[in-house]
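Begin with the sequence and the structure.

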Amino acid sequence: MKKKRLLLPLAPLLLLLFLCLMAPILSPYDPNQLDTVSKFLPPSTLHPLGTDYLGRDLLSRLLWGGRTTLGYAAMISIFSMAIGTFIGIFSGWMGGIIAKAVIKSSDILRSFPNIVLVMIFMTFWGTNMYCLSLALILTRWIWYARVSSTITILQKRRPSILASQLVGCKTSDLLIHHIFPAILPQLSSVFFIDFGHTLLAISGYSFLGFGVLPPQAEWGAMIRDGQNYLSHPEMMVWSGLCILIVVLSANTLGDYIRDLWEETHI
Amino acid sequence: MLRHLLREMFLLIPLLFFVSIVAFFLVRCLPVDGATAYLNSIQVPITQESLSTIRKELGLDEPVFIQYLRWLGQILHGNWGYSYQTKRPVLEELGRGFSYTALLTMATLLWIFVCSSVLGITSALHSNSIWDHCVRFLTSFLSSIPKFWLGFLLIIFFSLKLKLLPVQGVGTWQHLILPSFTLSCSYTAIYTKLLRTQILECSQQPFIFYTHTRGFSKRHIMFHHILPNTLPSLLSSFTIHCGSLFSGSVLVETVFGWPGLGRMCVDAVNARNYPMIQGYILFLCTLFVGINLLSECLCITFSPQYRQEKLQ
């Protein structure tokens, strides 16, 4: 079965997610504990990945940083999916000028540089994770809205939907039980690809110093910490590798789900 | 065509207008009042009297709407204020930064063009071979790698270990190689994938089959019949990525110490340099609208289907 193929990208994703969720149990040290005597230690049994420029244990920071990065990325993606799907289904169902407006505005906004929005929020409310999340949600929902709106318009014309309308099915039931399940496969594919992009955006903005505040561990911020110590590349190698693995598996998963859906439906 | 472009502009102008309102209020709604800030900067003691005279002088006592119109007039005349950090005109600073960013973008476009056309065409020619699978893995790898991390890895390998290329900064053409390559990676992945699927799709068409029966060489068919047909979809996808190309350059410019627009904006946000932030936002949005219109022109010029669909 082709479905087995999904395990290949799913396994590393779930493994990293599990490890980061278990950070309070698994991490050998407090991620923010300073130890000025043991700076830049090479990997050893005491510190499996070594220590950074303040003597903090890199493995603990990697695990705790993963909680921040993955948690925010998941939250942003879920929020944008909820908002986008709601607006998309609504506009697709209403059709006419509302659907056209959603698709036209997504045409314009999808190439809009979202750093502008991030900068506006940062100027008003200072640099913190909430501003960044809000700015990202405000630019990301449009993708979900576009996908769900397009599919809703196609679904609406199907005979089965017309028949359920004739039988007197309530519009809310129709949307939840007939339209939404039809959107779900495409939506989950978009979700995983968007999750990867969001994660790259979060770590990128944190790298620029627009995201988490310094003592907190985050994968992008860890690369920022390492940029002044290029002779000790181990400070940034692991967190970058983790980002790469998560984004690669999320993208592959999204592609596989779309392929699977296309094979069964077309 | 002119009418169509005017209609496009009609949709984009409100966006520009909205952004200008946001940019105006960005500086207006700061915790520090404009008159107090001005008095501080010319070192006049702050009293009730001096505040009210300055308010009158700067026009801060007038309705917000009038103030906005006056500010918009200044912007249109090219008076974008002065940077807090360097005390020089914002527009001049932005222009300098833009020239560096444009240079970086040009080099990036060159990388994208060369790499993705080579990879895309070869993998489509030998589809489902080992090379094709390698290219497919490479593209998914390149589209997932964090740009800033890749940049540091390249610096560590090529500049620190092999000592082949300069680490950071600007100057010679060698400074341009690593940043532009780093920036081009994710786009190369996208266009390679797109080019491959487009070529394969086009090869299935009956008219390509006909050129085969007419006895043209494979090379002739590829360059004269298949590739021109892939151009429209590549162009339309390019319009989507132009905006992100400029915001994506922020990361690469920070990594490589490239004094372009992006790094300027990061410095401005960190130093709370409000005139620069305002200028950057306006500049980027104007650029965005300009690029959108330009790409619309290109799509209409190069794609007959698009032209027919849009102009009717």
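This is a predicted model: local features need pLDDT of at least 70, side-chain atom pairs count only at pLDDT 80 or more; totals for chains, interfaces and linings use all residues.

D225(A) sits in helix 9 of chain A, whereas R56(A) belongs to the loop between helix 2 (23-26) and helix 3 (58-94) of chain A. They are 169 residues apart. D225(A) has 19% relative accessibility and counts as buried, because the cut-off for buried is under 20%. R56(A) is buried too, at 5%.

D225(A) also pairs with R61(A). Here the closest N and O atoms are 3.8 Å apart. R61(A) is buried, with a relative accessibility of 1%.

## Other salt bridges

R140(A) and D194(A) form another salt bridge, their closest N and O atoms being 3.3 Å apart. R140(A) is in helix 6 (residues 129-156) of chain A, and D194(A) is in helix 8 of chain A. The pair is 54 residues apart. Both residues are buried.

In chain B, salt bridges link R88(B), E92(B), E93(B) and R96(B) in a network. Over all chains, the count is nine salt bridges.

## The interface of chains A and B

How many salt bridges cross the interface of chain A and chain B? The rule finds zero. The count of residue pairs in polar contact between the two chains is two, both at pLDDT 80 or more. On the side of chain A that touches chain B, 23 residues are nonpolar, nine polar and three charged.

The contact involves 35 residues of chain A and 43 residues of chain B. The buried area is about 3600 Å². Carbon and sulfur atoms give 81% of this area. M119(A), T123(A) and L230(A) supply 17% of the area that chain A buries against chain B, more than any other three residues.

## Helices on the chain A side

Which helices of chain A each supply at least two residues of the side that touches chain B? They are helix 4 (96-109), helix 5 (115-125), helix 8 (171-208), helix 9 (219-226) and helix 10 (234-265). Helix 10 of chain A gives the most, with ten residues.

Terms used:
Residues are numbered from 1 along each chain as its sequence is written. Chains are lettered from A and ligands numbered from 1 in the order in which they are written. Side-chain values use heavy atoms; hydrogens and water are left out. Contact means heavy atoms within 4.5 Å. Buried area is the accessible area (1.4 Å probe) that two parts lose on being put together, summed over both. A salt bridge is a side-chain nitrogen of Lys or Arg within 4 Å of a carboxyl oxygen of Asp or Glu. A polar contact is a pair of N or O atoms within 3.5 Å; within protein, one must be able to donate a hydrogen and the other to accept it, and residues adjacent in sequence count only if both atoms are side-chain atoms. Helices (H or I, at least four residues) and strands (E, at least two) are DSSP runs, numbered from the N terminus. Ala, Val, Leu, Ile, Met, Phe, Trp, Tyr, Cys and Pro count as nonpolar, Asp, Glu, Lys and Arg as charged, and the others, Gly among them, as polar. Buried means under 20% relative accessible area, exposed over 50%, partly exposed in between (1.4 Å probe, protein chains only).
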